[in-house]
Every structure is written in C-alpha cells, then in structure tokens.
Amino acid sequence: MIVPSPVLDIRGLSVSIGTKPILKDVNLTIANGETVGLVGESGSGKSMTALTVMRLLPHAAGTSGRLFFRGEDLLGTSEERMCQLRGDEIGMVFQEPMTALNPVKMIGEQVAEGIRWHRGASRAEAEDRARRILERVGLPESRFPLTRYPHELSGGQRQRVVIAMACALDPKLLIADEPTTALDVVLQAQILELLRELVAENDMGLLLISHDLGVVADMADRITILRHGEVQDEGETTRILREQKHPYTRKLAEASTHVPVWENAAVPNDGKQELLKLTEVSRHFPGSRRGLFARGEPVRAVDGVSFEVKAGHSVALVGQSGCGKSTLARMILALDRPTAGAITFRGMETSSLGEHELRAARCEMQVVFQDPYGSFDPRQTIEGSVTEPLHLVDKRISRRERRERATEALVEVGMQPADMHKYPHEFSGGQRQRLAIARAIITRPKLVVCDEPVSALDVSIRAQILDLFAKLNDDLGVAYLFITHDLTVARAITHDVLVMDHGRIVETGRTADVLDAPKTDTTRRLLAAAPDLQRAIERRSTALGG
Amino acid sequence: MTTGLVAPEHEDWRHFARKALANRSFLTGAVITAFVVAVALVSFVWTPYDVTKLVIADRLQAPTASHWFGTDHFGRDILSMVMVGSRNSIAVALIAVGIGMAAGVPLGCWAAAKRGVADEILMRTSDIIFAFPALLSAVMITAIFGPGAVNAIIAIGIFNIPVFARVARGGALALWPREFILAARAAGKGAGLITVQHILPNIANLLLVQGTIQFSLGILAEAGLSYVGLGTQPPAPSWGRMLFEAQTMMSIAPHMAIVPGMAIIITVLGLNLLGDGLRDVLDPKLRREH
C-alpha cells in the first residue's frame, strides 16, 4: 500500500526569522493520494510550513533541514526550478478567495495563465484545458462562462476558481492553507468534498492546513499537530483523535467542543419584558441596471421577517452566508432602514426615528463585529475606542469618570486597566475581541448584537470568549443576538434560535429543540454540513470496523 | 477637546520625540527645512548686502570672499537675493498648499460621507479643473488679474483644491465601510464627528505626503510663473525670477543659475524627506515597535 518514495518528505526542518525561531525540527511526510492535516493555532507555524515548501518565505528567513519533493531537495534548488514547480507540480490554495484572485482579470484567463506559462500551450489549448478544469470544480461553462470576473462570483465559487488554478496541471502535491475558513459551513462541506474527490482522481498528496480539528478529522488520513513551531503529536487520524494521548491534542479537542458554564442557560426567565420586536421587516436593494432607465428585479435581502427578543435572552440567528443575516443586524442596529415593516426596541420604533431621537435606543444596544482587526481605529488608543459609546450618554462625563468606566469595562472582560493607553495593533485577535466586547458593554446596554463574534478566532480563544459572553449574560443580564453560521456556537450560548434562508426566517424555537429535531431542509442542511469532531471520530471508527 | 478624543499622554509625546529622532529621513528633512525657514526669517532683519542696491562695477563676479555666491549682471549680491527670494518662494507655496488643504480636504471628506449627487458634482468639477494644465491655467489667471505674488498664490492654490479633495475622498471612501466606522455610527456619532475623529487621523498620512509634494510643486510653480514674468515682480527677488534673469547669462556667469537652482532642489528635497519621515513617525504601528 505505502508508496516507497513519498511526494513530500520534510526532515528536521527549522526556520527562523532573524533570531526568532519559527519552526523547530519539523518532520512530515505525504504519500501519493494521501491527505495529511496540519493543525495548530495562529502563530504555530502552519502557514510558514506551507510557504517553506513553496520556497516563498521572506528573504530574511533562515532554513535548515531537508525538504524533499519527489526525491528532489527543494531547499537546495534554484529559484528557476522552483518557478517551474510552483503551480505545475505543486499547487496552492489560499484561505481568502477574495484576495487570491486578480480582480481585473477574467476567471478563464487566470486559470489559463498558469497552463500557458508552464506548458507553453497556445491560447486555445490553454482555454480548452481551463474550461475542462473549471467544469470539473463545478463551474460549467454554460452557467459560468470563462469571461466572468471574480466579483461576479460568490465566495464559494471563487474558492472553486482558486482550486481550479491550483489543480489545472494535475499537481503531485496540493497545499491548501485554511481553504474553507472564510466560507460558511455548507460551502465548506462542498469545497472539502471537491478536494477529496480531486485527491482520489489524480492520486495527489494533499497538505490540508487548518485550525479546526473538526474539518481535518473528516478529511485527513494522518494528522500533525503543531504548536509554537514544534510538532506536538503526529500519526494516523483515528488513533490520534480517539486516544488523545498528548495533552495538547486533548486541549484542542476539548476547546473545539467547549460549552461554557452558564447559570442562565437553563432558565431563560420567561415572561420577562419584551426587548426587541420586528414586524414584517423587509429590506430590498434596487436591482442592477439593465439599461439607461430599466432596472432588474429588486434584491430581497430581508423579506418579511418577524420575531422578538426578550430581555436577558440570548438568541442565535443562523443561516448560510448571503441569507440576509448581516443586513438584518444592521437594521436592528439602526444603521440601515427597512424598506417595509417596523422595528421596535424597548417600546421605541427605531425604524422611523431620526438620528437624534435614536440616541436613547443606541445607548441600550451595542455591537460586536466579526473581524477583531477591522473593528478598531488603528490611530486611536484603546481608551478612545472603548469609551466611544459613552458619547451616547446624555450627561457630560468628566475625563476622570470616562477613565473609570473604561477601567471597569476592561476588567470585566479580563483585560488590564493599563491596556487603555495602548494601540489596537499591540493586541492579539482574542484580546481585541475582548476589547470589542468591553466597548459594547461600557454603556450597560440591554442588547448586544454579535456578528460572527468568534469565527475569526482560534478554538482555545473561542472557548474563552464564549465563557466571557456567558459570564456577562449572568452578571449583567444583557441579551444577545448572535449572528452565526456555526451551530456549535449557537448550541453553546443561546436559548433560542432563528434559522434564516433567502431573507426569510424558516424555523424558530428553543436552540436544543431545533438543532436536535430540525423541521426544515435549511436547518437539516446546516446541521449535516457542520464539522463535528465527535461525529467524525465515530464515523471513522465504524468505517474501520466495517 | 471634543468628547471621545483623549488627549495624548505625556508619555506619548516622549515616544513621538524618540521615534522622530531615530528616523533618519525625518531628521534630515527637518534640519534642511528648518535651515531654509531660518534663512528666510533672518533675511527680514539682515542680509549681507541690500538686494535693491545696484553696483555695476562689481557685476558678474564669480564667488569671492566678499560675495560668497558671486554677483549678478547688476552687481547685486546673489547670497542676499537667494535669502530674500526664499521668503517669496516659501510664502507662495505655503499659502497655496494652505488654500488647497483648507478647501479641498473638507470637500473631499464631505463628498465621501454624502456620496450620491453631491459627490458626483464635486468630482466632475474637479475633473474639469484637472483637464487644464495647471501652469497654463495659472498663466491665464495671472494674465487676467495681473501679474504679482498674490495672484500667483491664488492661481496655484486653486489648482491644489481638487488634488486634496481627491486624495481626501479616496482615503475616506476606503474607510467608511470599515467596521470601526460602523461601531462609531452605532455609538451615535454623526458623519461630521466621525470624519473629525476617525477619518481625518487615518488619512492624515496621505494628506501629509500629498502636502509636501504640493509644497514642492508650489515652489516650482512660483518659480515657473516668475520665470515667465507673471509671478513675483521686480525688483523683489524670487528664486524663479533669479533663474529667469540668469538665462541670458548662462555662458558667462553660470553661478547665477546654479545658486537659485540649488536652493530650489535643496528645499524640495528637505520637504520630501520631512513628509516621508512624518508619515512614518505618526504611524502608531511603527511608533512602539522596538
């Protein structure tokens, strides 16, 4: 079974930048047709391993060890030879399909480019081959002509184009660096399935890099777990995940299935007053122009949505990307106005109020965004950012009181008061998300809208942030609206769930009830696609037994 | 201070000073610029010779101990003329950049915040202004309103407005959809306050760099206008005028052109270095890294 000469053989690889070690004595092999998962948290050196294999490290980096690709030592080879290998025999898929494609080039051109460069094929031949590979990755020319531009495609379709580019020349090794992290669960499942098929068809080796054990558990034959540039645990997937011998493996597995201790979890205090009520809320965007005076059908981003949130409750709003979740959130936050319908928050109809009258409502509702990097002004100190919502409090606040409130909020989210003098770039992603939460609670709001608050974070950090959300709900009685495509988050931290599809709410109910016994196809589809570590291990065990 | 903005700590100023002193281009640029400004200031109270006094006997002298940079065809001391000329050149460029920034930046920020029709009108208007070569239009303005330093300032200033409006608008447009702006909107801040507190600090580096570029272009434009006789009027010297007068003497007294030319080059270089350095020094990401 085992092929004698592996596709990729990394032996004792160490990489350092300046005096800082990035990778320490890493060993890893991939055989033909084998998928190896490389798992670790941010900063563990996963991506650096991929870049080392591609020889795309920054110039200052120093490497030692051996790195064999089909018997050829890549560390010793010339840049010209690497240019031949990259994109031909070694393909790479990046995390962010938005930035991995050139926005001013048509997709056919981008796929054909590599074919022409490497094979010296004519334009027609290259286009023909591009057409075939695009069809193979699920973008048939009848529906997705080669002349489409990246912005005309959705995130999942773009990732398919990236995969087509990487696989156009039947590489022997494919490196996929977090290929599905930017996608929702349903698209993630589809992309993983596609990668699995391509590996089987072309008998190539796949190095699948991910921070999510759940994703890798389903895909990889073997797993290597990396931390601070060192291999912690390594071996056959089923064994690693079943035995969980290594403490770090166990820690990762526990963190990815973490459920916070949450006193209010069982008792959502029914009968409490109504906080937020949406009645038949719709938001239509004008359709794209068809001509000088003609417009296409309006896009119904949100279409007749009604629900309510009671004080102190935590509600999840789940659905695939593009289903209208974020548009709905913006309307609730009064950053956008509904085309029709009414939004009432604490008895005030926010959807018809002017900016001045909205102040009282804004003071009681705040927001936490997904991207902990984009949600702070890089030019403002943490104190300035965190105290920003105090602008809404009507009475004048002295500088001193402002500072006291900031101190209080920072301590509540587990940060140091001294942190307020620093700038955002001095903090890690998890710390920034804590700071974002501090900003959201500084006015003591009754409702916090959280737009994918943990999906950009590592599993262990995610567990800590979920704990923090649970604690704040216990301590402050703040209600949450969690917008997410991650059902584990919904299960861990919400009382009720709203499932959204194509701008409509298709299913509602207690979170546990809905997720355990889904009634609609949308919910079922989400559940089936969600990576689940436990389920993956069981499936593997039965597969081995059978 | 307005609400929401916290004044920088003393500690921050020390960081700023340390970072500024460690930045080589900032330091070089600051020294050169300070020197040029100091020379301009000194010229108000003292110059080696009177620049309006003609000593025909001493004309076209090469640099000597008594005339460091030599004399021109009227026997005027070139060092004194360069010193007095710096006043005109710097004043014209500075005020022109000031006009451009003061009008252009608010317009650009306003267009980015409003979008829609206001944005279209503003940007198409600036396209129209851009469609005319700046120097040509400046010639036209000064030709209509009469030559002179004040009209030169206004002419150069008007062409700086759309430059700054575009830079400000472009920078602001990229910032508006960012999440920290959304967070500020969720905190109830209006477009004006957000522009002052979040947009301006984040586009300041763009404006600063553009400002130094426009400043050096302003000096060149003043020199150009004076060269064709539409800027500073005789007998007041300016660098541009000196170049103009040197033109016919190039073969017999090259120092007449070299000295004011070098003055322009050094000033523009100093300003560019200063702008580059300032951009780095003001970036908080670079400020605390060791």
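Modeller: Domain bounds are taken from an automatic or database domain assignment. This is a predicted model, where local features need pLDDT of at least 70 and side-chain atom pairs count only at pLDDT 80 or more, while totals for chains, interfaces and linings use all residues. Residues are numbered from 1 along each chain as its sequence is written, and chains are lettered from A and ligands numbered from 1 in the order in which they are written.

Biologist: Which domains does the assignment give for chain A, and what distance separates their centres?

Modeller: Chain A has domain 1 (96-227) and domain 2 (272-289 + 296-380 + 445-537). Taken over C-alpha atoms, the centres of these two domains of chain A are 31 Å apart. Residues are in contact when their C-beta atoms, placed from the backbone, lie within 7 Å. The contact between the domains takes 14 residues from domain 1 of chain A and 15 residues from domain 2 of chain A.

Biologist: Which helix of chain A gives the most to the side of domain 1 that touches domain 2?

Modeller: Helices (H or I, at least four residues) and strands (E, at least two) are DSSP runs, numbered from the N terminus. On that side of domain 1, α7 (185-202) and α8 (213-219) of chain A each supply at least two residues. α8(A) gives the most, with 5 residues.

Biologist: How many residues of chain B are in contact with chain A?

Modeller: 23 residues of chain B meet 28 residues of chain A. On the chain B side, α7 (179-186), α8 (191-227) and α11 (284-287) each supply at least two residues. α7(B) gives the most, with 7 residues.

Biologist: What is the order of the strands in the open sheet of 4 strands in chain A?

Modeller: Strands pair if DSSP finds at least two bridges between them. The order is β12-β11-β14-β15 (chain A), with antiparallel pairing. β12 (299-310) and β15 (348-349) of chain A are the edge strands, each pairing on one side only. Between β11 (residues 274-285) and β14 (residues 340-345) of chain A there are 5 bridges. A:T279 has A:A342 in β14(A) as its bridge partner.

Biologist: How many residues lie between β9(A) and β10(A) in their hairpin?

Modeller: There are 2 residues between these strands, and A:H228 in the turn has a positive phi of about 50°. Strand β9 (residues 222-227) and strand β10 (residues 230-236) of chain A run antiparallel, joined by 6 bridges. A:V231 in β10(A) is the bridge partner of A:L226.

Key. Contact = placed C-beta atoms within 7 Å.
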